[in-house]
Structure formats: structure tokens, C-alpha cells
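Please keep the coordinates open while reading.

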Amino acid sequence: MENGKDTSTSSFLSTPIEYLKGVGPQRADTLKKQMQIFIFEDLLYLFPFRYIDRTRFYPVKQLHADLPYVQMKGQILSFQSVGQGRTKRLTAKFGDDTGQVDLVWFQGVKWIQEKLRKNETYILFGKPSLYKNTLNIAHPELETLDEFKNSPAGTLQAVYPSTELMKRKGLDSKGIWKLQRNLFEQIRGHIPENLPAAVRSAYHFPSREEAFRSIHFPENAEECSKAQKRLKFEELFFIQLRLLKIKTQRSLENKGIVFGHVGELFHTFYKEHLPFSLTEAQKRVIREIRQDMGSGHQMNRLLQGDVGSGKTMVALLSMLIALDNGYQAALMAPTEILAIQHANTLHRQLESMGIQTALLTGSTRKKARTEILAGIADGSIRILIGTHALLEDPVVFQKLGLVVIDEQHRFGVAQRAKLWQKGNHPPHILVMTATPIPRTLAMTLYGDLDTSVIDELPPGRKPIKTTHRYDSSRLAVFGFIRDEIAKGRQVYIVYPLIQESETQDYKDLEDGFESIQKAFPLPTYRVSIVHGKMKPADKDMEMQRFAKGETQIMVATTVIEVGVDVPNASVMVIESAERFGLSQLHQLRGRVGRGAEHSYCILMTGNKLSEDARTRIKTMVGTQDGFKVAQVDLELRGPGDLSGTQQSGMPTLKIADLVKDQNILEHARQWAGKILADDPNLATPAHQSTAEALRHHEKRNPNWSMIS
């Protein structure tokens, strides 16, 4: 120990950040609160988000608003603070031999003003933009010539993220760069290698220490690029290594229940009760599931399939295999509406075969709950459908063999694990999602699962015609709705908000409901309304009225995204469609097109659309392929937003990008698989440092990856 620090190589990077030269208690507190930097290693992984090319200077006369960030050399000719309170800002004139440009700061005015010196030469870095037809640079970074000369060597200067509070503590980008320099003086020789020699050799990667030095202090662009590739690969490699190791260990340790045969229940249903012929994709997936459940290993399979592709039928046939082998099955859904939908479907399809099913939700009454719990325990209830209520302690199965989890992304890791522990032996797990997941995201979120995809729709399904209409076309859209209702069809009209928002100018459901009632008056038309704030019984009653055809129009929020199956509904109108994400739009569109008639999805928007909104609308109009929709969604929103980081357990990536680095991810997974195939426990000397790094990775990142 030295000054309270452990200087051994293994724990040196765990040194508290306050022990770094230039930090101290106050700055340490700021770094912890603002950037979650607690130890040396956290600072090491605070990567630059861009670099300044220090060799190029733009003269003022060459500036225009389309330029990216530019570096300039000139003088502050004058400056003054303008306004009071929240409107206070600092303005300055910056000039060189070719002209002048306005500078403006809206935050940190007092702190910046105290540092400015009139007629002193500065190096400026900022983004030119137009405001009221005048060129200016908002919040530029400034440094004196001396500061510039003492900046990093080489041609590229790292630029780090910061906040206003950090800047007040001297922790702007330059301040962080100085801390990184101090850090490297202390940790040189303390950054252990963690990739196997074979991997480093295959890609000619620099050492780990060299990669960190080159990403924080690059001499040139080529050196920086090599460092980025190495660190991206490393980040993705350990995620994949961890996922595949879990998968390998589970297959070795979790001896699954052997479903040795496909029996009478499966064959009887298949021959006599199947409501439609299976697609080749459904048959292929059922074969994969049968093979898993008969292998002696616990099945952990992700089933992806677009809305209406027939996942529920695959799940039903899989459950019948469990029943044929003397076991029970459970199906868990994220909402009561969807659980009821599944329960009704299974009851209708299995009742004539004498198979007892039951529905257990938070709304199940005490007497019925007691009977259901007894039926599960004595085995008379063969299939239990429910919501989170299935996780409660009183729910004890006699012999649970298969668990089907629908809309998997809505359940947390701990919830899934709790259901998994309901049996004496680990049950087989089938995870289903109607939200298509791009391959890179699936490899990261569900990398420890085997994956099946139903990539074709049942025969007879007609494509849904998707169109975009502006609010000015509303009367024409209403006319189209009347025509469809005259043909005996039904219509969904979906709104993003329940009540009008002062901050968001979108169509709200309550106002919309009144407008629809006026445009479609009684007794000719009947309108239902459904939203999340209604009591479950009222919600169910309204949905049942629509399902029975007693109402022709369903005005709703996204509560009907899942759980309503009305083949007669042929039109989906989505109000303020620019407000919805692509995944939601695609799910909502899937509520129609379930019958034999032509179906339509109409995306209503205002005239002013952001670039992202235009891309979403264009994507929806242009394709019905859920995987293409999901890929665009991933590119627009990023993996965390797309999957719902908190629920899915999506790891936070420090440097890799699942959109841009798909190729690196593929290579990282291949190498992780190859290494584990040769050395499942990473026990050989060649993998000793990798095993140590993996243990560190697991300690630093809680187990987000256990799906079942």
C-alpha cells in the first residue's frame, strides 16, 4: 500500500479517482456525480467523442453554416454580456486578417467572461451556424497560444464529453485531457493484456496498453483507427464470451427434461383440430424445438416472428409435446389483455380434447385463484396462462416442463429467473417476440439463446397497404372510413396521448373521441374507446364489444398494440404518427390484415416533420418486412432505446456501436465460440489472462445476460 493506494497490477486500476494527481475530493465528487467516474479504470474508459485536426486552421472568410467543427486562430476584439437572468448571454467579436465572426455563450457566462482577454490571440474550435441570416459560433472552445502549445503532441487532439458543472470545476475537455495524461503517467505498465495471443496475431492488434495510449493521445489518424478497432473488438468479444460461456455451461450442467416422444395429444390436434395448414417456416421451427426438448439439455430458444406469422400455434404444439410426456406447460404474457387473448385462444382450441387450461392474472378472484392453485399443484390443470401473477410464491406446479414467455422484452431478468425456478428441474424455455430484432442486437441481448425465425406469413394473408396523409386530408380519410364500414368492416383509430399536453402538440384521445363521435354519429355508427387508465373490466367490455362487431370504430391508445385479434378490422388509422417509434408503428399496423380482405394502415401527421420522423414514415410506407423496419429503428434510436435497456439488460457500450460495428461483432462472436469450443473453462495457460479479464467483466457488469 502507498498513500492509501494498492499498487499491485491486478488492483491498480481500481484505485479511487481522488488519488489521481489533479483530482482531489471536490473534483472527485463532481466526476462521480456527473460522469460516474469512481476509479482509475472508469476514467481510462472515458473515450474521446471526436478529435481536432490540429494541423488545419480556417480563415474567417472561408466559414459557412454547412461546415462541421472548425479550428481557427485570431483575436477576441470585443465582448459583452447581454440580458438578465435566464436570458443572459455572452457575445464576442472574433477576428483574423480575413474578417470577423460573432461568438455567443448561453451558459457559464460569468465563468467564461472572467477568462476572456481583449486583443489576445486564441485558438478557437466550434461549429459555424446561421442565426437570423448572420453567421455565428455558439459555445466555442477557446485556448490561448500557450495552452495550445502545451496541448497533446501529434496531429489529433482528443475531445471529451463534459457538463457545465464540470467546466466550472476546470473539467472541460482540456481539463479531462490533462487528467488522462496524469493517469497515464501513473498506470504505465499496469494495463494487463486480456486478449488471447491468437486473436491479437490474427488482426495485428496493438497491445492493450498501446491501444489506450493511442486512443487518448493519437499521433495520427491511422494509429487512432487501429486503437479503436482493438478496443471495439475487445468490448464485444467479452460480451460474446460471457454469453456463450453461459450457454455452454448451461448445456453441460442443466440436464434438461427429456421429452422422448411426440404422442397422442400432438397428433390428434395436428390431424383433427389444426385450424389452418402450417407454413414451412412453422414446421421448421417445430422440428428445431422438438430436437431441443428431446436432447437431454434444457432448451433455451428465442422465437422471432412478425405479427400474424403463427408463433402462438408453434407454442401450442410445443406445449402439447410437453403434455404428451406427462408434464405441464405455462405461458406468461406481459399484459392482462394479451394473457386473456391467449387463454381464450387455447381454451377454444383444446376444450374438445379435454385438456384443462386456466388463466391467472392480478384480477383473478380469490375463490377462482384458490381453485386454480390447487389444480396446478395436483396436475389437473395442464396449461396455465397468466401475467406476472404466475411468479407469485403460492403458484406451485406439480410437474412443470415447458415455459413459453411472450413479448419477452417486457420482462426483467429477475422475473424470468423466478418463473424458471417453479419446477423441480429446469423447464424448457421458449421465448417469443413479435418485435423483430436485428441480428446484431439479438446476438448481444440473446446471445446465450438458440434462435428460430418464422419468416413467412400464413397463406391467404394479403399485404397491408400503408399510406401517409397530412391532417389537411382528414375529411378524405373519414370518407374512406365510411366506405369501409359500409362494406361491413371495422376501424381502429389510435392516439398517442390520453389528455391534451401543453408541451406536445399531438392529437389527444379525449378530443379525438369527441371529434369521431361527431363525424360518425349514432345511430348509424357506434364507437368504442379504450385506454390504459380504464378499469380492466371496462377495458375488456369495450374490447369485447368491438370483437363481437357491436361497435365499428375503436378509438384507443397503444393499449391495443398487443392483445386484440379482430379479423374483420381492415383499417388502422394512427394519429400523430410522427410521435410513435417504428417498432410501435409496425406493431399497431399488425392489428389489421388478419382477415381475408384488403387492409389499410393510414399514418396521419402534421405538416412539420423532423428528419427522423420523415424516415420513420417513409420506412413504414415502403416495407412490411419487420426485420427491415427493426434495422432502421436500430439505426435511428440506438440499441438501448430500441430494446428498453432497463428491462432487457442491454449492456452499456463504451466504444462499440451495434449499428456501425456489425462486422466486428460477427468476428468477436466467432472467436469467442472457437476459444470456448477448444477450452470451455478457459483453463489453459494461453487463456489465463482472458479468464481473469472475464471474471473482472462479470464483476463490473451485473449478470444482465441470464435470459431464463
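**Cavity and helix packing**

The lining of the largest cavity divides into four nonpolar residues, five polar and one charged, where Ala, Val, Leu, Ile, Met, Phe, Trp, Tyr, Cys and Pro count as nonpolar, Asp, Glu, Lys and Arg as charged, and the others, Gly among them, as polar. This is a predicted model, in which local features need pLDDT of at least 70 and side-chain atom pairs count only at pLDDT 80 or more, while totals for chains, interfaces and linings use all residues. Residues are numbered from 1 along each chain as its sequence is written, and side-chain values use heavy atoms, with hydrogens and water left out.

A search of the whole structure finds one cavity of 30 Å³ or more. A cavity here is a set of points on a 1 Å grid over the protein atoms alone where a 1.4 Å probe fits but cannot get out, and lining residues have an atom within 4 Å of a point. The largest cavity holds about 60 Å³ of space, the volume being that filled by probe spheres set on the points, with grid points joined across faces, edges and corners. Its lining has 10 residues, and those nearest the centre are Thr-435, Pro-436, Ser-583, Val-629 and Ala-630. Two or more lining residues come from each of helix H21 (582–589) and helix H23 (626–643). H23 gives the largest share, five residues. Helices are DSSP runs (H or I, at least four residues), numbered from the N terminus.

Next come the helix contacts. Two packed helices are described by the angle between their axes and the distance between the axes. The axes of helix H9 (residues 208–216) and H10 come within 8 Å and cross at roughly 125°; axes are lines fitted to C-alpha atoms over the stretch in contact, and angles run from 0 to 180 degrees between N-to-C directions. H9 and H10 are therefore oblique to each other, a class left over once angles under 35 degrees count as roughly parallel, over 145 as roughly antiparallel and 65 to 115 as roughly perpendicular. Their contact (heavy atoms within 4.5 Å) includes Phe-212 and Arg-213 of H9 and Leu-231 and Glu-234 of H10. By class, the contact of H9 with H10 has six nonpolar, two polar and five charged residues.

H10 (residues 221–253) also packs on helix H25 (residues 662–678), with axes that come within 8 Å and cross at roughly 45°. That makes H10 oblique to H25. The contact of H10 with H25 has 12 nonpolar, four polar and three charged residues. Among them are Phe-233 and Leu-236 in H10, and Trp-671 and Ile-675 in H25.

Notes: 1 Å grid on protein atoms, 1.4 Å probe; cavity = no way out; pocket = protein on both sides within 12 Å on 5 of 7 lines; lining within 4 Å.
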